[in-house]
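Colleague: Could you take a close look at one part of this model for me and walk me through its packing? Please give the cut-offs as you go.

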There are 2 protein chains.
Amino acid sequence: MDMDSRKEKILEAVVLDYIQTAEPVGSRTISKKYNLGVSPATIRNEMADLEEMGLIVQPHTSAGRIPSDKGYRYYVDYLMQHDQIKKEARDYIQESIKKKTTEVEETVNNILDILSTTTHYTPMMLINEQQADHSLQLLQLLPLEAGRALMVIVTDDDKIENRFIQIPPQFGKEDLELVSQMLNMHLKGLSVDGWQKNVLENIFSQLQRQKQVVDSALGMLAGILHKNNNSEEKIYYKGGLNMLTQPEFQDVGKVHNILMTLENKEVVNKILNNNNINEISVKIGTEHDIPDLQDCSIIVASYKNNGKEIGKVGLLGPKRMDYSNSMAVLDVLLKDLNGGESDE
Amino acid sequence: MDMDSRKEKILEAVVLDYIQTAEPVGSRTISKKYNLGVSPATIRNEMADLEEMGLIVQPHTSAGRIPSDKGYRYYVDYLMQHDQIKKEARDYIQESIKKKTTEVEETVNNILDILSTTTHYTPMMLINEQQADHSLQLLQLLPLEAGRALMVIVTDDDKIENRFIQIPPQFGKEDLELVSQMLNMHLKGLSVDGWQKNVLENIFSQLQRQKQVVDSALGMLAGILHKNNNSEEKIYYKGGLNMLTQPEFQDVGKVHNILMTLENKEVVNKILNNNNINEISVKIGTEHDIPDLQDCSIIVASYKNNGKEIGKVGLLGPKRMDYSNSMAVLDVLLKDLNGGESDE
DNA sequence: ATTAGCACTCAACAACCTCGAGTGCTAATA
DNA sequence: TATTAGCACTCGAGGTTGTTGAGTGCTAAT
């Protein structure tokens with residue numbers, strides 16, 4: 001049995017109507033609301049075929065049909081109109097994006113807010129910490145009270161790190177200045193793997209007396225510059241409560257499960273990382289393997305800045321979510337974040 | 001009509017049983033489970049009195065009784081045993097507290113975690129930023145590329161602040177060093193209101209050439225030391241989902257209201273600040289004036305460190321919450337945080 | 001190929017009944 | 001006088017039954 005144009009129209013009608021009403025869709029409804037020019041009886045026959053093909057299901061005899069996961073998939077892949085979102089929504093997004101802040105955390109929060117309020121689903125984000133090593137812009141040791149100093153390090157991306165360090169009590173301002181100058185001179189502009197053995201030996205030989213301090217300073221410096229190891233992916237999500245407004249989630253137990261699942265960062269990580277695609281991706285119901293979220297769908301897109309992926313953005317909603325609008329919103333948001341239409 | 005010992009025992013039985021079972025308590029149950037040595041009939045008479053006094057209510061004819069807000073209040077004020085919490089719970093708390101961290105945020109999170117897991121209610125915290133001005137421990141200007149410098153400031157409480165500042169392009173390392181030394185020399189150990197006019201004039205007169213830089217450095221310094229203005233109270237809460245496990249909150253709409261309310265920082269602030277008491281305080285149902293939380297009770301305690309209040313800790317639960325245990329947990333936790341038994 | 005017609009199914013809803021936990025009242029009892 | 005046994009009464013919870021209506025599948029006519 002094959003899909004023909006009419007079957008597709010009927011499937012589309014079932015999906016659209018169910019997305020809108022959350023009620024099983026009957027043949028009469030389709031015949032009336034979506035003018036295909038055929039009678040309910042004909043539609044019934046077609047629906048029986050669609051059911052046989054596994055695209056729609058009946059919750060029980062004498063109920064209308066609702067889309068199966070496979071049905072949603074067919075809709076998303078072949079039938080869905082890639083809408084433009086409303087101008088006002090687009091304006092809102094573009095307006096909201098403008099308050100760009102320096103703190104990653106705030107930017108992320110802003111994005112989550114925008115998505116949560118425009119879609120009423122549950123947005124989440126994953127940010128990859130910068131993977132590249134950093135190089136040194138400035139290092140300075142400053143004397144505090146006896147035995148204690150402050151190390152200030154500025155990396156090439158203008159990030160500042162401060163560390164208190166222990167120094168021998170007799171260590172004076174001049175010693176610190178000397179160490180600072182030596183380290184600055186030899187290591188400025190270099191990342192950790194640019195540290196050549198002979199340079200380090202050179203430093204140590206010139207700073208025999210301050211060896212201990214140099215040692216600990218270098219250790220800390222290396223830790224700060226070398227981000228590979230402690231690079232962690234940060235996870236954020238918001239608007240879990242939006243789920244509570246969906247008619248399919250009126251059961252407290254169910255909702256509790258879903259929300260508990262979202263609290264688990266590993267799961268959210270899995271959701272967002274599962275698909276290492278470049279484009280936008282949709283996982284419907286059982287297509288992802290998180291049991292507690294099998295009544296949900298997830299749209300994941302890659303979050304770029306100047307063409308470089310720096311994270312993922314996800315949007316969790318009921319399977320009955322408005323895929324078209326959601327994807328359009330994500331699209332607009334992410335393109336604008338990426339600085340205009342430069343993508344693609 | 002007065003309370004006598006027997007009425008109190010019956011009220012206590014109603015409260016305790018209802019806290020435990022979440023079901024209206026009948027006269028037979030009391031007679032059987034709480035051996036008062038009298039028959040159900042007698043208990044019925046007494047219960048009628050208690051109802052007349054407004055301490056218990058009947059959800060409907062032919063149901064048992066449940067405590068009214070006033071009944072809970074009487075229980076909390078006069079009847080409740082101030083239990084010791086179980087040794088294992090105490091051990092758990094004391095163990096968990098140990099991982100004290102430097103970041104306020106982490107400490108708070110830790111406390112919220114402890115409360116959430118031990119009580120299964122919804123803990124929240126408010127932290128008053130330090131109100132007092134700080135004094136200067138160290139100030140240093142460090143040269144970056146031409147026209148740009150880094151200002152490092154260490155305050156008396158070892159907090160480090162960094163600011164980039166603009167400097168005239170011809171400004172050299174020596175100028176920066178000079179400015180640093182002068183500011184350090186004259187202002188070290190002082191808070192903003194210790195800045196005497198003649199000292200400032202002195203600085204400016206000696207640093208004519210660097211006036212502009214000194215100006216902006218002083219401005220930033222003042223902002224950093226003078227905390228009064230930007231002192232904001234920070235609000236945290238956790239474990240809102242715990243509410244979902246309570247049998248009285250099986251209605252999604254209700255839960256949604258409650259959780260939305262908690263998202264509102266102003267409300268949480270109000271909850272925690274409403275009572276400017278020193279001791280631990282309990283607000284039951286309508287005693288606090290937040291409509292959406294009138295099915296809940298809130299225990300608020302003052303969070304001290306070395307005898308000084310630095311915030312509040314709250315615990316939100318159903319009216320049917322275990323007041324005795326909750327208060328005991330809070331008590332142990334806060335006393336331990338305050339460094340042993342020093343309080344009172 | 002389409003559709004009108006019809007018998008059939010089943011969830012949702014309402015009406016009704018029964019059960020039992022719980023009450024208040026009264027009269028007997030200690 | 002305080003307590004209690006006894007009893008009639010109330011009412012929610014839960015089960016049964018009947019009705020309704022939306023929806024189906026099948027068949028025969030177009």
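**Helix packing in chain B**

Modeller: Happy to! In this predicted model, helix α1 (residues 5–21) of chain B and helix α4 (residues 69–79) of chain B have axes that come within 10 Å and cross at roughly 110°. α1(B) is therefore roughly perpendicular to α4(B) (65 to 115 degrees; under 35 counts as roughly parallel, over 145 as roughly antiparallel and the rest as oblique). Axes are lines fitted to C-alpha atoms, for helices over the stretch in contact, with angles from 0 to 180 degrees between N-to-C directions; helices are DSSP runs of H or I with at least four residues, strands are E runs of at least two, and both are numbered from the N terminus.

The crossing of α1(B) with α4(B) is left-handed (the near helix is turned anticlockwise from the far one by less than a right angle; clockwise is right-handed). On the α1(B) side, Glu8(B), Leu11(B), Glu12(B), Val15(B), Leu16(B) and Tyr18(B) touch Gly71(B), Tyr72(B), Tyr74(B), Tyr75(B) and Leu79(B) of α4(B) (contact: heavy atoms within 4.5 Å). This contact comprises eight nonpolar, one polar and two charged residues (Ala, Val, Leu, Ile, Met, Phe, Trp, Tyr, Cys and Pro are nonpolar, Asp, Glu, Lys and Arg charged, and the others, Gly among them, polar).

Helix α5 (residues 87–98) of chain B packs against helix α12 (residues 323–337) of chain B at about 35°, the axes lying 10 Å apart, in a right-handed crossing. Here Arg90(B), Ile93(B), Gln94(B) and Ile97(B) of α5(B) meet Val329(B), Val332(B), Leu333(B), Asp336(B) and Leu337(B) of α12(B). Six nonpolar, one polar and two charged residues make up that contact.

Helix α6 (residues 104–119) of chain B also packs on α12(B), at an angle of about 155° with axes 11 Å apart, so α6(B) is roughly antiparallel to α12(B). This crossing too is right-handed. From α6(B), Ile111(B), Ile114(B), Leu115(B), Thr118(B) and Thr119(B) reach Val329(B), Leu330(B), Leu333(B) and Leu337(B) of α12(B).

A note on conventions: residues are numbered from 1 along each chain as its sequence is written, with chains lettered from A and ligands numbered from 1 in the order written. Local features need pLDDT of at least 70 and side-chain atom pairs 80 or more, while totals for chains, interfaces and linings use all residues; side-chain values use heavy atoms, leaving out hydrogens and water.
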